[in-house]
Amino acid sequence: MTPPAATVTPAARPPAGQAREKILATAFRLFYAQGLRAAGIDTIIAESGVAKATFYKYFPAKDDLILAYLAKVDGVWSGQLHAAAEAAGPDPAAQLVGLFDALASACRRDGYRGCAFINAAAESASGTRIHERTVAHKDHIRAWIRGLAAQAGVPDPDQLARSLTLVLDGGLASGVLDADPAAATAARTTAAQLVSASLGRNP
């Protein structure tokens with residue numbers, strides 16, 4: 001996720017079949033770099049190179065575009081977490097720790113600005129569709145981690161899942177606040193300690 005260009009230059013209009021994806025790709029970059037409210041519709045239209053009527057055909061309101069953006073982020077980040085867990089091997093306990101390798105990759109990325117869902121929650125009021133979408137994402141990640149904890153034989157998988165997601169979110173936030181990739185290493189170490197303690201093992 002890279003920062004937007006300093007100047008806006010009109011792009012050639014994409015074919016109709018590609019217009020939605022072009023809009024979404026532009027929004028993905030601008031929403032993450034600038035924030036949901038700061039990135040305006042006119043800028044997104046100009047940078048995506050679509051007609052205003054085409055934009056509103058696919059996204060009648062800005063919130064519709066924000067929700068599509070969050071769905072795309074969800075797919076990307078969830079995929080990275082699952083891939084990192086699977087790379088740790090078949091042991092669910094190892095996967096609970098291994099998933100934190102996705103955090104290390106995220107914090108090292110150019111233009112990193114933390115968790116897109118935490119950022120979105122900070123810009124949306126409780127009870128709105130956007131806020132509810134952020135909560136649903138966090139619930140989904142916690143449920144997946146709880147499932148791994150249960151497979152690992154943890155006596156209280158709910159508690160471990162809650163603890164690990166708090167560490168994960170803290171690592172995402174610290175990675176941008178401190179601008180220090182070491183936050184991801186510390187988060188992974190903490191996760192390993194929590195998993196070991198939950199299983200009654202020495203870390």
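Colleague: Which residues in α9 meet which residues in α10?

Modeller: This is a predicted model; local features need pLDDT of at least 70, side-chain atom pairs count only at pLDDT 80 or more, and totals for chains, interfaces and linings use all residues. Residues are numbered from 1 along each chain as its sequence is written, and side-chain values use heavy atoms, without hydrogens and water. Contact means heavy atoms within 4.5 Å. On the α9 side are L160, S163, L164, V167, G171, S174 and G175; they meet A183, A187, T190, A191, L194, V195 and S198 in α10. Eight of the contact residues are nonpolar (Ala, Val, Leu, Ile, Met, Phe, Trp, Tyr, Cys, Pro), six polar (the others, Gly among them) and none charged (Asp, Glu, Lys, Arg).

Colleague: At roughly what angle do the axes of α9 and α10 cross?

Modeller: Axes are lines fitted to C-alpha atoms, for helices over the stretch in contact; angles run from 0 to 180 degrees between N-to-C directions. Here α9 (residues 157-177) and α10 (residues 182-198) cross at roughly 170 degrees, with axes coming within 9 Å. α9 and α10 are therefore roughly antiparallel (over 145 degrees).

Colleague: How many helices and strands does the protein chain have?

Modeller: Both are DSSP runs, numbered from the N terminus: helices are H or I, at least four residues; strands are E, at least two. The protein chain has 10 helices and zero strands.

Colleague: What is the mean pLDDT of the protein chain?

Modeller: pLDDT is the predictor's confidence in each residue, from 0 to 100. The chain mean is 89, and 90% of residues reach 70 or more. Over residues 1-11 pLDDT is below 50. Where pLDDT is low, the predicted coordinates should not be read in detail.

Notes. Angles under 35 degrees count as roughly parallel, over 145 as roughly antiparallel, 65 to 115 as roughly perpendicular and the rest as oblique.
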